[in-house]
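Please look over the structure below.

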Amino acid sequence: MANVAALPIMLKSLRLACIGTHWQTLAKKATAERWVPEHYLAELCAMELATREDKRLQRYHKESGLPPGKTLASFDFSALEGVSLQQINALIQNPHWVEQGENLLLFGASGIGKTHLASSIGYGLVEAGIRVKFSSATHMVQELQQAKQNLGLAEALVKLDKFTVLILDDLGYVKKTAQETSVLFELIAHRYERGTLIITSNQAFKDWDYLFDDSIMTVAAIDRLVHHATIMNCEGESYRRKASLKRMTSAQ
Ligand code: ADP
Ligand code: MG
């Protein structure tokens, strides 16, 4: 017969922390309500699974680096043209495109809400249990460049594969040196058909020549990005400018 006194230790070594905390309280309820053994066991398993799921989501939120508060709930679609709430909801609720490693490219002028939108999608996907990493394109390029200098670029790229979705914010602002361009290209080539990229940029494709070293590289990068991609063009008035105008008027 199993040693009942060793139960806490057994649960610990099985890493069933939640069952370890709740089994006694639940046993009282089970006795009072005359549960059959499998009912009791199922309740305990459900508790353990729910706790694990919560922890996993917390971990995914933390590692995502998504900007705080930039969620769909705080996004106002009324002044935005070219992108609708329905479209964004569809991307979140049916993440088929993410499973296929397809990309999403968000274009539009500065202050229009691209970062906020990309982040909202990121939050929605994390909630759906998808691993997301948000990074400014500049920061990502710096990190990869450093990895390249330490002869660890291939490894750094593979490490990013654990994120099903990589959000590169503000691609237009990446400075152009040959080295920066080359790691950016290698990142795009590495993710191609392997993992989703969500990219925001205030530069239309026709201006991307300035992002890469030569036009062959630009064409190759764009080809890979758009091969399986949704492209959204955000139009309207800059929300940032509107918000500061409003603040100025109310301060007068
Ligand atoms: P972009 O990335 O296009 O330059 P941001 O997403 O950074 O613009 O938006 C600028 C600021 O305005 C941010 O604080 C953002 O949260 C806010 N903002 C932009 N568009 C909206 C919107 N439609 N609803 C609510 N806040 C918005
Ligand atoms: Mg932005």
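## Ground rules

This is a predicted model, in which local features need pLDDT of at least 70, side-chain atom pairs count only at pLDDT 80 or more, and totals for chains, interfaces and linings use all residues. Residues are numbered from 1 along each chain as its sequence is written, chains are lettered from A and ligands numbered from 1 in the order written, and side-chain values use heavy atoms, leaving out hydrogens and water.

## Cavities

Rolling a probe the size of a water molecule over the atoms shows where empty space is left. A cavity here is a set of points, on a 1 Å grid over the protein atoms alone, where a 1.4 Å probe fits but cannot get out; lining residues have an atom within 4 Å of a point. Points are joined across faces, edges and corners, and a volume is the space filled by probe spheres set on them. The whole structure has 2 cavities of 30 Å³ or more.

The largest cavity holds about 60 Å³. Its lining consists of F75, D76, A79, L80, I112, E237, Y239 and K242. That makes 5 nonpolar, no polar and 3 charged residues. In this scheme Ala, Val, Leu, Ile, Met, Phe, Trp, Tyr, Cys and Pro are nonpolar, Asp, Glu, Lys and Arg are charged, and the others, Gly among them, are polar.

The second largest cavity has about 40 Å³. Residues lining it include G101, N103, I188, R191 and Y192. Two helices, α9 (178-191) and α10 (215-227), each give at least two residues to this lining. Helices are DSSP runs of H or I, at least four residues, numbered from the N terminus. By class, this lining has 4 nonpolar, 3 polar and 3 charged residues.

## Ligand 1

How many residues surround ligand 1? There are 14, and the closest are D76, G111, K114, T115 and H116. Being near means having a heavy atom within 4 Å of the molecule. D76 also belongs to the lining of the largest cavity.

Polar contacts are pairs of N or O atoms within 3.5 Å; within protein, one must be able to donate a hydrogen and the other to accept it, and residues adjacent in sequence count only if both atoms are side-chain atoms. A polar backbone atom of D76 sits 2.7 Å from a nitrogen atom of ligand 1. K114 places a polar side-chain atom 2.7 Å from a ligand oxygen. The side chain of T115 has an N or O atom 2.7 Å from an oxygen atom of ligand 1.

S64 is part of helix α3 (residues 37-64). Its relative accessible area is 1%, so S64 is buried (buried is under 20%, exposed over 50%, partly exposed in between, with a 1.4 Å probe and protein chains only). A polar atom of the S64 side chain lies 2.7 Å from the backbone oxygen of H61. Beyond four places in sequence, S64 touches V126, V132, K133 and F134 (contact means heavy atoms within 4.5 Å).

L160 lies in helix α8 (residues 153-160). At 11% relative accessible area, L160 is buried. Its contacts beyond four places in sequence are M140, L144, L166, L187 and R191. R191 also lines the second largest cavity.

## Two positive phi angles

Most residues other than glycine have a negative phi. R15 has a positive phi of about 55 degrees. It sits in the loop between α1 (7-13) and α2 (17-32). R15 is exposed, at 67%.

R34 has a positive phi of about 50 degrees. Its loop joins α2 and α3. R34 is exposed, with a relative accessible area of 75%.

Methods: On a 1 Å grid over the protein atoms alone, a cavity is a set of points where a 1.4 Å probe fits but cannot get out, and a pocket is an open set with protein on both sides within 12 Å along at least five of seven lines; lining residues have an atom within 4 Å of a point.
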